[in-house]
Amino acid sequence: MNKSSITNAVALIVFASGLFFDNKIATFCGIFALSGALTNLLAVHMLFEKVPGLYGSGVIQNKFVEIRQNAKTMILDEFFSSDNVVKYIEKKSHDSAGIGTYLANMVNKFDFNPLFDAFIRRVNEGPLGVLLGLSGTTPNMDAFREPVIKNIRESLEEFCYEPNFQASLIKGLTEPEVGAGIVNQIEELIDKRLSELTPEIVKDLTHSIIHEHLGWLVVWGGIFGGLVGIVSAFFL
């Protein structure tokens with residue numbers, strides 16, 4: 001049993017006990033507690049589900065467009081504003097060794113085979129290729145693939161640690177236009193993801209986040225309703 005069910009069960013037992021033992025205070029306490037708990041339970045249900053005839057129910061589904069827009073605004077303003085992006089890059093730029101290592105790792109993951117294939121294709125299509133064709137010689141260029149790619153990779157990795165290159169890169173990344181461009185790309189990604197959210201998905205997402213905590217509204221509705229009932233018993 002969840003908190004709501006326990007609260008309603010306790011309120012009902014107190015109410016029934018008050019009737020059975022003809023105890024006015026228990027009767028008033030139970031009926032007011034039950035009404036308070038059930039009212040809040042209905043309010044929680046109306047937050048997520050549409051109830052026919054009850055205007056304003058299903059507010060999360062009805063307002064899912066505004067909820068999506070507010071979520072986007074919060075993410076962009078609080079985390080990915082242009083100023084925040086530039087400040088983050090500037091902060092990371094102080095660790096020059098870290099930047100060099102990061103770039104070198106990226107270079108190490110590149111596939112240079114397409115580059116080598118394009119180079120061989122240009123050679124074969126150029127004057128040298130024509131000359132080799134006339135001479136009847138067709139060298140096996142694949143034998144040079146691994147050493148050439150190795151030299152290119154090592155040269156680029158060394159270049160990643162060049163102070164002048166790092167300074168130019170950092171200066172370029174911290175330009176306001178660059179920060180705005182990054183934010184625009186992030187905004188496009190957010191718009192694409194949010195466009196996939198349906199009212200049902202928004203409802204389920206919100207439900208999973210706050211429904212457990214909303215159960216306390218039922219508990220406190222029962223408690224305060226019971227207290228009002230006890231006080232009312234002395235005046236009615």
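## M106 in helix α6

At 34% relative accessibility, M106 counts as partly exposed, a term for values between buried (under 20% relative accessible area) and exposed (over 50%), found with a 1.4 Å probe on protein chains only. M106 belongs to helix α6, residues 96-109, where a helix is a DSSP run of H or I with at least four residues, numbered from the N terminus. Between M106 and C160 there are 10.0 Å in space, C-alpha to C-alpha, and the two are 54 residues apart in sequence.

This is a predicted model, in which local features need pLDDT of at least 70 and side-chain atom pairs count only at pLDDT 80 or more, while totals for chains, interfaces and linings use all residues. Residues are numbered from 1 along each chain as its sequence is written, and side-chain values use heavy atoms, with hydrogens and water left out.

## S57 in a loop

S57 sits in the loop that runs between α2 (24-48) and α3 (59-62), and it counts as buried because its relative accessibility is 6%. Leaving aside neighbours within four places in sequence, S57 is in contact (heavy atoms within 4.5 Å) with M46, E49, K50, V51 and N62.

## The packing of α1 and α2

Two packed helices are described by the angle between their axes and the distance between the axes. Helix α1, residues 3-20, packs with α2 at about 155 degrees, and their axes are 7 Å apart; these axes are lines fitted to C-alpha atoms over the stretch in contact, with angles from 0 to 180 degrees between N-to-C directions. The two helices are therefore roughly antiparallel, the word for angles over 145 degrees.

Terms used. Angles under 35 degrees count as roughly parallel, over 145 as roughly antiparallel, 65 to 115 as roughly perpendicular and the rest as oblique.
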